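Please look through the sequence and the coordinates before reading on.

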Amino acid sequence: MKKIFAKRAAAALLAGTLALSVFTGCGDSKETGGNTGSELDPENPTKVTFYSYSLTYPSMKPGMEHLIQEFNDTVGKEKGVIVEGVPDANMSKYKSDIQAGQQVDIVQHGWNSLDDSKENMGIKAYEDVFPKDELEEHFSGMEQNAVKLGQIDGKTYGLAFTFSTPILYINGTLFEQAGLDPNDPPKTWDEVLAAAKQIKEKTGKDGFGLSPQNGWVTEGVIFSNGGSMLNSDRTKATFASKEGVEAISKWKEFFTSGVAALGTDSEVSQAFMAGNVGMHIQSTSLLSGILSSAEAGGWKVYGAAMPSFGEKTPAPVNSGSCLAVRPDSDLKAKAIWEFIKYVTGDEGYTIITSEIGYLPLRTYLADDEKYLKSFVDENPLVRVNIDQLKNVKPVTIWPAGTATECFTIFTDAITRSLTTDADVEETLKEAQSQIDKILAQQ
Amino acid sequence: MKTAAMTAPPGAVSHKKISLAKLKPYLFMLPAVALIGFWVYKPLCQTLGLAGYKWSMVPGTTPEFVGLQNFTKLFSNKDFWPAVKNTLFYTLGLLPFSIVLPLFIAAATQTVRGRAQKVYRALFFVPMIMAPVAVSVIFQWLLHPTNGLVNKLLIDLGIIEQGIAFFSNETFSRLMILLITGWKMIGFSTLMFSAAISGVNREYYESAKLDGASNIRQFFTITLPLLSPTVMLMVMMSVLFASQWTFAYIDVLSQGGPYGSSTNIYYMMYKFGFSDMNVGLSAAAAALFFIVFGLIALVMMRLSKKYAFYDN
């Protein structure tokens, strides 16, 4: 009896602990591939994870998948690296996966929170983990303005990867129906407003679409009017200046006169792609998606540079991403470097530009028959984007620890100013003082 | 083994054996208790502890003790009080969908017999088993400001002139999230109530009919009182889980916007923890609401004891 009981009790205990260990076991798995040496081995490839938000947008996904596949099939196969793309909507999965102790090697990272990730997410500087001579050679062919954007305190924490400026997309058919010439696009905000009113009046469709929650273009609107976001030592917000308020007030006229397409950024883009909006300011990263939906809908896409305020030179901000890396061994660093070299090299940018729509940060490719010349000739929109590159201002990098909070306050204030009766100046001033308080606590 | 145990002399029953026998039920409980302790109470204590720290949860970083700073930060966050109000809005707003409508649907379909009853119930239950994200995307299409079916219908009927951006509008954003959550909830509650009604003794209805009671009278004097335990249970579930059930729709459809007007406390906690990378703040909010909702649960259990009527 005793023995049976002891045995049963032991079995029950065993079952309990087994169940526990099974559950707790899930979190710890760390896959690094079978290679344990320090050199890459094609026979025993090293696995690298690449967290990419482009993989979550229907218009960018095929291009990004192709880019990863192409690497795996060529350089990856030859050198022994396998890159696994992980779709990361809203750029939040990489954070929670790092928190959970998962392997996160390369992150397609936004610009405005790079400082934050450097402090908190274990992002490594390129100079510290990759061979110096190769690094210099690789950077030299790239657009220097873009490379500098990812440098903090003289070190590269993010290498410019996908890069675009916002441009004014135009639905040619709606333009013509409204009696406008898509080949002579509006250049200033006043002209855009007039055209939008004409489109609404003649066609009944919304004239212009730029969502208040666009994530990045807003800063360019403020910069274009000579405004700024933060003071030079990043201790105070400055967007509620006279120029800032003026710029947002102009934008608000689209809403008050009822010619603006309403909704979130993706809703406005969907509306434009469905042929229901005359003009739309959006990143060129959506170019391939917009082109194909225009073709399906039977209308033609035209494009123009971001509108200006009167005679002032427009100052669009760059959107897009850089590549941030977190190698956990020398071997991993070597594997990651192979991927970085490929995707920001000649082949990489050819795929990125022609299949997704981002800028080739190796601008010489646009004139090279072997790479992008024929594509650029066919799509003059890409030229508009490349031309704007010289006016581009970097998107605001908020001080570490405050980025998400400050940016949310800013965006919420912009949304409230534009879409409600709230006074623009009052709303922005209030948001500015809230942000100042947070910055002062740092 | 068995034979060995069977052949043991009867005199072997000792003190030791008795104490072991006493221990036996506890040993059987041990796995369950250990699992609950590990999965429920350990995280709970950890959460309370984390509320005093500033930490990003990234492996290799150490939490920094900040005392009650997280709570002051929480109360001064611009979205905190709107989120509390919205939590209340979602909680109260969900009651008609989790109690009133299902109760009537269950009572009304009770007299339907055979296959028709199954079809009816299946129709109501299907929304419940659909994946929340898929549901969100479908509603996003339906409610699209310019391309959506709902706006087209409203414009064609002459009710509105310009499409409504449902998820960028302070009034509609919350309302739509509530309606979608409610639509999904109806099925579950209906099923619970139907099951409860099936358990009610048919003789009551027969004698009520003989006395000439109308259907409505039967519902209020027989069905409702006899269902009171189930109703109380569903009220409690609805109140305690309303915030969680709205989470997926907030995340996919409005991300708490416009300007934080549709967020609730659960979504806020998620944002603090996994977007702002401030687990301490998230834990502070969690601790606060653990206390508030704990109190609510206690009160409801008391009420349930007082008002629920059991037919023995």
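Which residue in β9(A) does A:Pro166 stand opposite? The residue facing A:Pro166 is A:Ser283. This is a predicted model, in which local features need pLDDT of at least 70 and side-chain atom pairs count only at pLDDT 80 or more, while totals for chains, interfaces and linings use all residues. Residues are numbered from 1 along each chain as its sequence is written, and chains are lettered from A and ligands numbered from 1 in the order in which they are written.

Strand β7 of chain A (residues 166-171) and strand β9 of chain A (residues 277-283) run antiparallel and are joined by five bridges; strands here are DSSP runs of E with at least two residues, helices are runs of H or I with at least four, both numbered from the N terminus, and two strands pair if DSSP finds at least two bridges between them. In chain A, four strands make up an open sheet with mixed pairing, in the order β8-β9-β7-β10. Its edge strands, β8 (206-209) and β10 (301-304) of chain A, each pair on one side only.

Chain B contains 12 helices and two strands, and along the sequence its pattern reads α-α-β-β-α-α-α-α-α-α-α-α-α-α. Chain B is more spread out than a compact globule, because its radius of gyration is 26 Å, well over the 20 Å that the globule rule gives for 312 residues; the radius is taken over C-alpha atoms, and the rule is 2.2 Å times the number of residues to the power 0.38. Along the principal axes, the C-alpha atoms of chain B fill a box of roughly 95 × 75 × 40 Å.
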